[in-house]
Amino acid sequence: MSKVVTFGEIMGRLAPPGFLRLPQAMPGSLDVTFAGAEANVAASLSILGLDAHFVTALPNNPIADACVNSLRSIGIDTSSILRSDIGRLGLYFLETGANQRPSRVIYDRDGSTIGQTPADAYDWDKIFVGADWFHVTGITPAVSQVAAEATLHAAKAAKQRGLTVSCDLNFRGKLWRWDSSASPHELAGRAMRQLLPLVDVLIANEEDCGDVLQIRAAETDVASGKLSAERYPEVARRVVQEFPNLRYVATTLRESISASHNNWGAMLYDAAAESASFAPRSDGEYEPYSIRNIVDRVGGGDSFAAGLIFGLLNDDYPTPQAALQFAVAASCLAHSIIGDLNFSSREEIDALAKGSASGRVVR
């Protein structure tokens, strides 16, 4: 069984029931779960049957205890999570959008424990014993300079030990504020350009390479929901030219018709073969999934990242195309599940990847 280690911040997620807005729900009850990009990936991989280890730093209090217990309940190895008397558990508040009203995220994560825990606090020699893969994102480095340094240190340690390193760019414009001399875009570009030479598999959404690396797809207007999918292999080629260490560049392709209706697919560029695969396909041509009644889209990219890691590690998916089809199907199903975590089984994902998309009752 492959061992995958992920590192990053996990937060409390507070959301009103259904499609209520925060002013409607408060004062009152909010649904509380725990989530974060890197933890979401570990959760999916654990549910799919891999040995998933999640590394973070959390405060010593009962709320963080509940967070750790929630991770353990789905089989994630939490033995390398640091506990500290410094800092707090970050939070984010989510309003789920519908139709023409977008979803909205409000962060309350300043002063989190991971943002104050230095790189040398983590015992990567011990953490990486028996590990095959290490996954990080561009979210945790955006939290603080300390967290950025810890992420870079961890990636260097992984490469020294021969692990495959993946990174999801995950640009968050509301973050990247820890250096007032630079804009969020400038700071993200500076920090991620230090990290990317250590990365083997780069994952991005349709905007990330433009936001972080200033490499954009031509004839594409993300705000209008119109993408020219055929332009993304050229984006990937340009990224590989700048970072020739990359083996794969994956891009999720979301066409946002409305908050409730998205078209969803992805591209995977194989640097060695200089070729791109697209999924899903119909009659040999790229045809994105039409997701018309989205239940919860938050965490969709993380479920794609986990599906791609699983596919690339598993001999049952022997080609980049097969791994990509699995990843896109996994992330499509995640849009039907409330919460950040993708509780889809491998059997369900394989069935959708093979064309079973009717949603008929399974008896």
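Thr251 counts as buried at 3% relative accessibility, where buried means under 20% relative accessible area, exposed over 50% and partly exposed in between (1.4 Å probe, protein chains only). Thr251 sits in strand E12, residues 248–256; strands (E, at least two residues) and helices (H or I, at least four) are DSSP runs numbered from the N terminus. This is a predicted model, where local features need pLDDT of at least 70 and side-chain atom pairs count only at pLDDT 80 or more, while totals for chains, interfaces and linings use all residues. Residues are numbered from 1 along each chain as its sequence is written, and side-chain values use heavy atoms, with hydrogens and water left out.

**Two residues and their surroundings**

- Leaving aside neighbours within four places in sequence, Thr251 is in contact (heavy atoms within 4.5 Å) with Ala204, Asn205, Glu206, Tyr232, Gly265, Ala266 and Met267.
- Leu22 is 229 residues from Thr251 in sequence, and the two are 32 Å apart in space, C-alpha to C-alpha.
- Ser46 belongs to helix H2 and is buried too, at 13% relative accessibility.
- With neighbours within four places in sequence set aside, Ser46 is in contact with Ala52, Ile74, Gly75 and Ile76.
- The Ser46 side chain also reaches the backbone oxygen of Gly75 at 3.4 Å.

**Nonpolar cores**

- A nonpolar core here is a set of buried Ala, Val, Leu, Ile, Met, Phe, Trp, Tyr and Cys residues joined through side-chain atoms within 4.5 Å.
- The largest one has 60 residues, and the members touching the most others are Phe7, Tyr122, Trp124, Phe128, Phe134 and Val239.
- Helix H6 (residues 145–160) supplies the largest share of this core, six residues.
- Take Val239: not counting residues up to four places away in sequence, Val239 touches Leu202, Cys209, Leu213, Ile215, Leu246 and Val249.
- There's also a second, separate core of 52 residues, with Ala323, Phe326, Val328 and Ala330 among them.
- As background, nonpolar side chains tend to be buried together in soluble globular proteins.

**Helix H3, side by side**

- H3 covers residues 62–72, and its buried residues are Ala64, Cys67, Val68 and Leu71.
- Looking down the axis of H3, those buried residues fall within an arc of 95 degrees, so they line one face of the helix; the arc is that of the directions from the helix axis to the C-beta atoms.
- What do the buried residues of H3 pack against? The partners are strand E3 (31–35), helix H2 (37–47), strand E4 (51–55), strand E5 (57–59) and strand E6 (82–84).
- Over on the other side of H3, Pro62, Ile63 and Arg72 are exposed.
- At the start of H3, Asn61 gets a side-chain oxygen to within 3.1 Å of the backbone nitrogen of Ile63.

**Cysteines**

- The disulfide count comes to zero, with a disulfide being a pair of cysteine sulfur atoms within 2.5 Å.
- Cys67 is buried, with a relative accessible area of 0%.
- Cys332 is buried as well, with a relative accessible area of 12%.

- Most residues other than glycine have a negative phi, and most peptide bonds are trans.
- Met26 and Pro27 are joined by a cis peptide bond, with omega about 5 degrees; Pro27 is in the loop between helix H1 (22–25) and E3.
- Another cis peptide bond joins Ala279 and Pro280, with omega about 0 degrees, and Pro280 is in the loop between strand E14 (275–279) and strand E15 (281–282).
- Asn99 isn't a glycine, yet has a positive phi of about 55 degrees. Asn99 lies in the loop between strand E7 (91–95) and strand E8 (104–108) and is partly exposed, at 46% relative accessibility.
- Gln214, not a glycine either, has a positive phi of about 60 degrees. Gln214 is in the loop between helix H8 (208–213) and helix H9 (232–242), and at 44% relative accessibility Gln214 counts as partly exposed.

**From the record**

- UniProt lists residues 1–216 as "domain: Carbohydrate kinase PfkB", in an unreviewed entry; UniProt positions are given in the numbering used here, feature names are shortened, and annotations may be inferred rather than shown by experiment.
- Over residues 1–216, the chain is 31% helix and 23% strand, with the end C-alpha atoms 38 Å apart.

Methods
Polar contact = N/O pair within 3.5 Å; in protein donor to acceptor, adjacent residues only side chain to side chain.
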